[in-house]
Amino acid sequence: MKNLSELQKKDLKHIFHPCSQMKDYENLPPMVIVKGDGLYVEDEFGNRYMDCVSSWWVNLFGHCNPRINRVINEQIEKLEHVIFANFSHEAGIELGERLTKVAPEGLNKLIFTDNGSSSTEVAIKLSFQYHLQTGNPQKKRFVSLEGAYHGETIGALGVGNMDRFTDIYRPLLKEGVKVKGPDCFKCSYGKTRENCEAECFEHMESYLKENGDSIAGVIVESLVQGVAGMKIYSPLYLKKLRKLTTEKNIHLIADEIAMGFGRTGKMFAIEHAGVSPDIMCVGKGLTAGYFPMSIVLITDRIYDAFYADYSEGKSFLHSHSYSGNPIGCRIAVETLKIFEEEDILGLIEKKGKYLKKGIERRLKDIRYLGEYRQIGLIGAIELEGIPGERAGYEIYKIALKKGAILRPLGNIIYFMPPYIITEEEIEKMIDIFILSLNEYLERFE
Ligand SMILES: *Cc1c(COP(=O)(O)O)cnc(C)c1O
């Protein structure tokens, strides 16, 4: 291995990093970050990187945000944690009030979990138990879309459909039904995004019409399938799905873990369709990149199916040691305050437009471009037919040297920066991408 710092040596001695082949670290040792500052993180050698992926899609307002840092300090001086069964606290109560105010209509109750995957687990358990307790015990199957990603715990993998994460564990899973969903880049109906009528809903429609009686819920990533490659699909699809699931007494479970909190230009992505789900999972941006916390929001109707005398055995048993942690709640409250007080949605719209124009101006410089797609402040470049192996990963490594973190999904490179990014920084991010792509392609000339 090349010259490693003491910290890097110690890291590699003990740490098994997530979503990594550790052997790759021989070529690209872990970058030990010692400091965060707005859009940037700085490593032990003083190299600064633009965080163009919001640190795994969680950071909204920059690293070491002064407002959030302040409330954490205040909260720690007051209360760090308390058991959330029978007990409560101000931060949790305030979050309940604020989050239900901005959530899609009808979602009035909160269940606290502590990461996105476990919020998926809760949604599944809850939906199944709801039907059991309302006279439909036969409703026990879950439907999701091809290309779905809802987390990596065993239950969440069961409703996911990314072979990369699922294949090895298949023998352990309780798998749901996977239905062919939208593929707008290669639409098999020959439609464009402009004239799409969500014709591809026919697969879901025929499945639910035939099997609706045995189905508890349909879980979808609202509007954008993130891990599948930032695949944006029509809100009409969600509209049709809402209508049919209502008719068939099937829960619509919206996974807003990645796209909630403004990413698509609305507070929650499902708002683009003008409908409300029965169950909504949020995480990631909920705590602005500071704290592992997630929440499952549900309707009163679902809540009521669990409300009974203790002896009836209808309680919902799901808890985490850190359920409803006050520090996490305080951060989430501040996140919502920042949205309200600093017109973050307006900012996203403005910066999203700037990003779009910036890319459109440079489209001819992007060789092997399959599609550029964008909504709100998330843009993805799908490279097609590009030579070499792991092109996305190689481009990522080049971009790092130029000071930008553009961690790809296969050969899809995406821009998902914190909302505080400036117009100049957007320009620079695009520049670094194009320079890195070209430098990579020089290898084949
Ligand atoms: C990240 C993600 C999850 C899982 O969340 P974790 O906090 O990583 O467990 C689930 N669904 C979607 C859409 C995600 O992007």
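Which side chain has an N or O atom 2.7 Å from a nitrogen atom of the ligand? I looked this up and found D255. I counted polar contacts as pairs of N or O atoms within 3.5 Å.

The protein buries 83% of the 380 Å² that the ligand exposes when taken alone; areas are Shrake-Rupley values with a 1.4 Å probe.

Notes on the source: the model is predicted, local features need pLDDT of at least 70, side-chain atom pairs count only at pLDDT 80 or more, and totals for chains, interfaces and linings use all residues. Residues are numbered from 1 along each chain as its sequence is written, and side-chain values use heavy atoms, with hydrogens and water left out.

Next I checked the ligand's oxygen atoms. A polar backbone atom of G116 is 2.8 Å from an oxygen atom of the ligand. For K284, I found a polar side-chain atom 2.6 Å from a ligand oxygen atom.

I then listed the shell (a heavy atom within 4 Å); W57, Y149, H150 and E221 are among its residues. By class I noted four nonpolar, five polar and three charged residues.

Last I turned to the open sheet, where four strands with mixed pairing run in the order β1-β2-β3-β15. Strands are DSSP E runs of at least two residues, helices H or I runs of at least four, and pairing requires at least two bridges. I noted β1 (33-37) and β15 (404-405) as the edge strands. Strand β3 (48-51) pairs with β15 in the parallel sense over two bridges, and D51 stands opposite I405.

Methods
Polar contact = N/O pair within 3.5 Å; in protein donor to acceptor, adjacent residues only side chain to side chain. Nonpolar A, V, L, I, M, F, W, Y, C, P; charged D, E, K, R; others polar.
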